[in-house]
Amino acid sequence: MRAELKEHQAVEAAAMNFVKSVAEGNSTHAKKLFIDEAVLFGYLDGELEHGSIEQFYHNVDTVPGGENFKARVDVLDVEETLAVVRVLEEGWGGRIDFTDILLLMKMDGEWKCVAKAYNQNSNTIQKK
């Protein structure tokens with residue numbers, strides 16, 4: 001059964017915690033969104049990152065979004081207890097564009113992220 005529009009809005013509001021953290025270079029907002037057991041998967045400058053969401057917090061806390069950082073949140077699907085969100089990021093750290101997929105679950109009446117997978121746009125990869 002498709003969720004009501006108010007649920008789509010609640011999912012979008014939850015995902016904005018992700019965007020705020022990245023833009024500000026401060027993981028505090030994201031920690032409201034992700035559960036402690038959340039996982040991360042993606043390639044950053046060609047190196048596979050995977051494991052605990054703590055890696056994401058470290059990245060956010062050490063590299064601010066920058067003044068030209070832009071993001072867009074697209075709520076792709078909301079079911080009764082499951083949501084999928086795409087976040088388009090441009091200019092993170094002044095150079096990187098990402099597409100993030102966030103998997104959210106409704107837990108105790110709140111939308112929480114359980115997994116983050118991302119793609120770094122190939123034209124922004126810096127070889128080491």
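## Starting inside helix α1

Let's begin with Ser-21, which sits in helix α1. This is a predicted model, and in it Ser-21 has a relative accessible area of 0%, so it counts as buried. What does Ser-21 touch, once you skip its neighbours within four places in sequence? The answer is Asn-26, Ser-27, Thr-28, His-29, Ala-30 and Val-60.

Now hop along the chain to Leu-102. Ser-21 and Leu-102 are 81 residues apart in sequence, and their C-alpha atoms are 15 Å apart in space.

## The nonpolar core

Here's a general idea to keep in mind: in soluble globular proteins, nonpolar side chains tend to be buried together. In this model, the largest nonpolar core has 34 residues. Which of them touch the most other members? They are Phe-18, Leu-33, Phe-34, Phe-56, Val-85, Leu-102 and Leu-104. Two or more residues come from each of α1 (5-24), α2 (30-33), β1 (34-44), α3 (54-62), β3 (70-78), β4 (82-92), β5 (96-107) and β6 (110-120). Helix α1 gives the largest share, with 6 residues.

Leaving out neighbours within four places in sequence, Phe-18 is in contact with Leu-33, Phe-34, Phe-56 and Leu-102, among others. Its contacts also include Val-87, Glu-89, Asp-100 and Lys-116.

## Rings that meet

Next, the aromatic rings. How many aromatic pairs are there? The count comes to 7. One of them joins Phe-56 and Tyr-57, with 6.1 Å from centre to centre and 50° between the planes, which makes the pair tilted. Phe-56 and Tyr-57 are both buried. Trp-92 and Phe-98 are tilted too, because their planes meet at 55°, and their ring centres are 5.6 Å apart. Again, both Trp-92 and Phe-98 are buried.

Some rings gather into a group: Phe-18, Phe-34, Phe-56 and Tyr-57 make up one aromatic cluster.

## A space inside

The largest cavity holds about 130 Å³ of space. It is lined by 13 residues, and those nearest its centre are Phe-56, Asn-59, Trp-92, Phe-98 and Lys-116.

Which elements give two or more residues to the lining of the largest cavity? They are β1, α3, β4, β5 and β6. The largest share, 3 residues, comes from α3.

## The loop between α3 and β3

Two residues are worth a look in this loop. Val-63 is found between α3 and β3, and Phe-69 is in the loop between α3 and β3 as well. Are they buried or exposed? Val-63 has 27% relative accessibility, so it counts as partly exposed. Phe-69 is at 12%, so it counts as buried.

Beyond its neighbours within four places in sequence, Val-63 is in contact with Gly-25, Trp-92 and Gly-93. Phe-69 is in contact with Val-19, Val-22, Ala-23, Glu-89, Glu-90, Gly-91 and Trp-92, with the neighbours within four places again left aside. Trp-92 turns up for Val-63 and for Phe-69.

Val-63 and Gly-94 are 31 residues apart along the chain, with 9.4 Å between their C-alpha atoms. Phe-69 and Ala-10 are 59 residues apart in sequence and 24 Å apart in space, C-alpha to C-alpha.

## Two aspartates with positive phi

Most residues other than glycine have a negative phi. Asp-45 has a phi near 50°, a positive value, and the phi of Asp-108 is also near 50°.

Where are these two? Asp-45 is in the loop between β1 and β2 (47-52), whereas Asp-108 is in the loop between β5 and β6. Asp-45 has a relative accessible area of 12%, under the 20% cut-off, so it is buried. Asp-108 comes in at 84%, which is over 50%, so it is exposed.

Definitions and conventions:
Residues are numbered from 1 along each chain as its sequence is written. This is a predicted model: local features need pLDDT of at least 70, side-chain atom pairs count only at pLDDT 80 or more; totals for chains, interfaces and linings use all residues. Side-chain values use heavy atoms; hydrogens and water are left out. A nonpolar core is a set of buried Ala, Val, Leu, Ile, Met, Phe, Trp, Tyr and Cys residues joined through side-chain atoms within 4.5 Å. Buried means under 20% relative accessible area, exposed over 50%, partly exposed in between (1.4 Å probe, protein chains only). Helices (H or I, at least four residues) and strands (E, at least two) are DSSP runs, numbered from the N terminus. Contact means heavy atoms within 4.5 Å. Rings of Phe, Tyr and Trp (its six-membered ring) pair if their centres lie within 6.5 Å; planes under 30 degrees apart count as stacked, over 60 as edge-to-face and the rest as tilted. On a 1 Å grid over the protein atoms alone, a cavity is a set of points where a 1.4 Å probe fits but cannot get out, and a pocket is an open set with protein on both sides within 12 Å along at least five of seven lines; lining residues have an atom within 4 Å of a point. Grid points are joined across faces, edges and corners, and a volume is the space filled by probe spheres set on the points.
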